[in-house]
Amino acid sequence: MALGDIKAALGIDRVIWIDDVFGDPVVDLAILARAHPNIQDEFPELRAAFQIEGFGDVDAELAQAIRDLGDDRRTALREVLLQQDAEQAPTQELSADVIEEACGHLGVAKEDRWAFQEGDAQLAQNNGDDASVAYVIDLKEGGGPGQRGLDMLAQLRAANSAGVAFILTHEAAIGGEAVLETQLADAIAGAAGAQVALPQPLTVISKGRLTADGANIEGALSIALKRAGLRRTLHRVLTAASSRASEAYKATAASLLTVEPERLEQFVYERGRVEGVSELSVVERALSAGASKDLRTFFASNAIVLAGMSALRALQSIPLDTRAQDAGPILADLRNSEVWDGSEVINAAFTPLANGDVFCFDNKDPSSPNSPRLFVLLGQPCDIMLRPDGRRVSDVAMLVPLIEQGDDGLPVPDPNDPHEDDSDKSPELPFRFQSKKFKLDLRRLAYVRLDVLDLACLRPDGCVRVEAGHSPPSGLLAGGKSIYERRTSAADSCLAAPVPIAAAPGQRMPIDDRLLLTMSSNAPWERVRMGVRMEAYVPPPGHHLQALPDRVTWFLRREGRIRAPYSAFLLERALRTLGRRAFDSDYTI
């Protein structure tokens with residue numbers, strides 16, 4: 001695909017190149033000479049200019065002295081200065097021939113080849129009406145201070161430029177431009193005008209692409225344009241989508257406000273109460289559904305979206321020379337949001353237990369098992385659901401250990417449990433959450449009492465724990481309020497009694513079966529099967545753990561929730577595996 005066709009696909013009809021190579025050659029030599037004062041030893045003609053330091057304009061005197069040199073002498077000065085500058089730089093700068101060839105491929109007109117000083121003056125007149133313009137800017141000015149190209153980018157950002165910005169530099173290796181792009185974007189984030197909600201992205205071009213032996217300049221520029229085009233297309237679509245999403249929210253909100261109070265009470269607030277969740281749960285669903293519907297229509301029919309798809313299809317024929325090793329933290333986090341609700345969502349809102357709730361060992365308690373083990377709660381949603389009056393259909397559900405998988409498909413070693421089961425009763429989850437892969441360890445599932453796990457829903461930290469002197473939090477839902485006293489009564493009785501003395505070997509101790517979480521006693525349940533009375537804990541100075549009061553704890557904490565439909569799939573997969581037919585062994589084989 002020709003560069004002209006790529007430019008057309010991206011809507012670029014003008015390219016401006018800003019580089020010190022386009023400045024006055026005498027002034028450029030003067031700037032370089034000023035950075036290398038030892039040059040006067042080899043060129044004594046410049047000594048007088050250096051000697052007026054502090055008394056006159058050294059730059060002007062140097063420029064005049066260089067003009068007074070003969071052509072041969074000036075050429076020799078340029079070669080020596082460039083050699084000294086190159087010795088201080090890690091790589092060779094772009095030659096005039098390379099820049100001329102690149103300008104020819106990009107169609108850079110003579111009047112659009114600016115030195116930095118001219119760039120300052122020209123960009124000061126920018127009013128943001130430059131959507132069809134691309135800027136190729138050298139990051140550093142020869143002999144100049146710092147990263148001069150950032151000043152140009154800051155001016156474009158301040159003017160709300162809609163153009164495509166490229167940065168030419170040797171500070172990025174071939175294929176490593178993305179790292180520097182992030183660093184430069186952060187560097188200009190505080191510049192004037194950076195308050196734009198979605199600032200134009202920038203693209204770095206490693207000069208190594210243009211100076212390497214046998215460099216294909218046209219191919220290198222094609223890759224740079226494609227990299228810029230992928231982000232430019234996304235930027236245009238996201239800019240339009242953000243406005244559309246805001247409008248969709250307002251429209252949905254306005255329509256909800258027209259619903260009569262009687263209908264709001266019966267079909268919105270009351271439905272949330274009946275389901276045992278927040279009264280505003282239906283409002284959240286309605287807002288999400290309304291905005292989602294409008295965005296689906298937007299992505300199917302909007303002119304900007306359709307033009308973006310055409311541009312992406314046109315760029316598809318240009319292969320990038322590097323491939324990403326993984327999706328990266330941003331995409332992984334967005335994908336995780338589809339699958340996972342964290343503790344800040346479900347625990348802070350005192351959300352009742354649900355299919356897909358994930359528990360971990362309580363790492364805030366010094367006596368808790370030191371293990372990263374996770375457990376997922378599985379059961380029919382309507383059976384687990386806590387009604388507003390505190391009723392529930394089922395008293396028990398399955399709590400299934402999860403086996404974390406490495407990228408090689410092997411279990412991640414657990415120092416407390418070296419014998420991970422990797423059999424047919426350990427089906428793999430067909431999705432990741434928290435950017436990790438897991439298997440269900442169905443051989444070691446336990447049936448647990450939901451009355452005990454309800455304690456996690458009565459605390460903002462999600463701990464399955466009752467502390468001395470506790471009281472109901474103000475934000476409890478109706479179901480939580482109705483069960484609070486009943487769920488904490490057994491632990492209260494335990495806290496009111498003296499701390500039990502450790503049993504002698506073989507001695508049987510009476511227990512309160514209301515504190516029993518599960519009948520399972522093998523690993524990993526031996527430490528959590530029964531609520532344990534623990535004395536107050538005072539950490540030593542500087543310790544990372546916080547002080548804890550007298551408490552009854554099961555050493556578990558609700559970590560988050562696998563969202564539907566993924567949680568429903570896990571229940572179905574577990575029941576299907578557990579319901580497999582089994583036969584007597586064939587003794588004739």
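This is a predicted model: local features need pLDDT of at least 70, side-chain atom pairs count only at pLDDT 80 or more; totals for chains, interfaces and linings use all residues.
Reader: Thanks! How many aromatic pairs are there?

Author: Rings of Phe, Tyr and Trp (its six-membered ring) pair if their centres lie within 6.5 Å; planes under 30 degrees apart are stacked, over 60 edge-to-face, and the rest tilted. Here the count is 6 aromatic pairs. In one of them, the ring centres of Phe375 and Trp525 are 5.0 Å apart with planes at 40°, so this pair is tilted. The two partners are 150 residues apart: Phe375 belongs to strand β8 (residues 374-378), and Trp525 to the loop between α20 (478-496) and β13 (532-534). Helices (H or I, at least four residues) and strands (E, at least two) are DSSP runs numbered from the N terminus.

Reader: Is Trp525 buried or exposed?

Author: Buried means under 20% relative accessible area, exposed over 50%, and partly exposed in between (1.4 Å probe, protein chains only). Trp525 has 3%, so it is buried. Phe375, at 0%, is buried as well.

Reader: Which residues form a cluster through ring pairs?

Author: Those are Trp340, Phe433 and Phe438. Within this group, Phe433 and Phe438 are stacked, with 4.7 Å from centre to centre and 20° between the planes. Phe433 is buried at 0% relative accessibility, and Phe438 is buried at 3%.

Reader: Now, how do I read a cavity?

Author: Rolling a probe the size of a water molecule over the atoms shows where empty space is left. On a 1 Å grid over the protein atoms alone, a cavity is a set of points where a 1.4 Å probe fits but cannot get out, and lining residues have an atom within 4 Å of a point. Grid points are joined across faces, edges and corners, and a volume is the space filled by probe spheres set on the points.

Reader: How many cavities of 30 Å³ or more does the structure hold?

Author: There are 4. The largest cavity has about 60 Å³ of space, and its lining includes Phe350, Asp454 and Gly480. The second largest cavity has about 50 Å³, with Val15 and Phe166 among its lining residues. Helix α12 (217-256) and strand β3 (133-138) each supply at least two residues of that lining.

Definitions and conventions. Residues are numbered from 1 along each chain as its sequence is written. Side-chain values use heavy atoms; hydrogens and water are left out. On a 1 Å grid over the protein atoms alone, a cavity is a set of points where a 1.4 Å probe fits but cannot get out, and a pocket is an open set with protein on both sides within 12 Å along at least five of seven lines; lining residues have an atom within 4 Å of a point.
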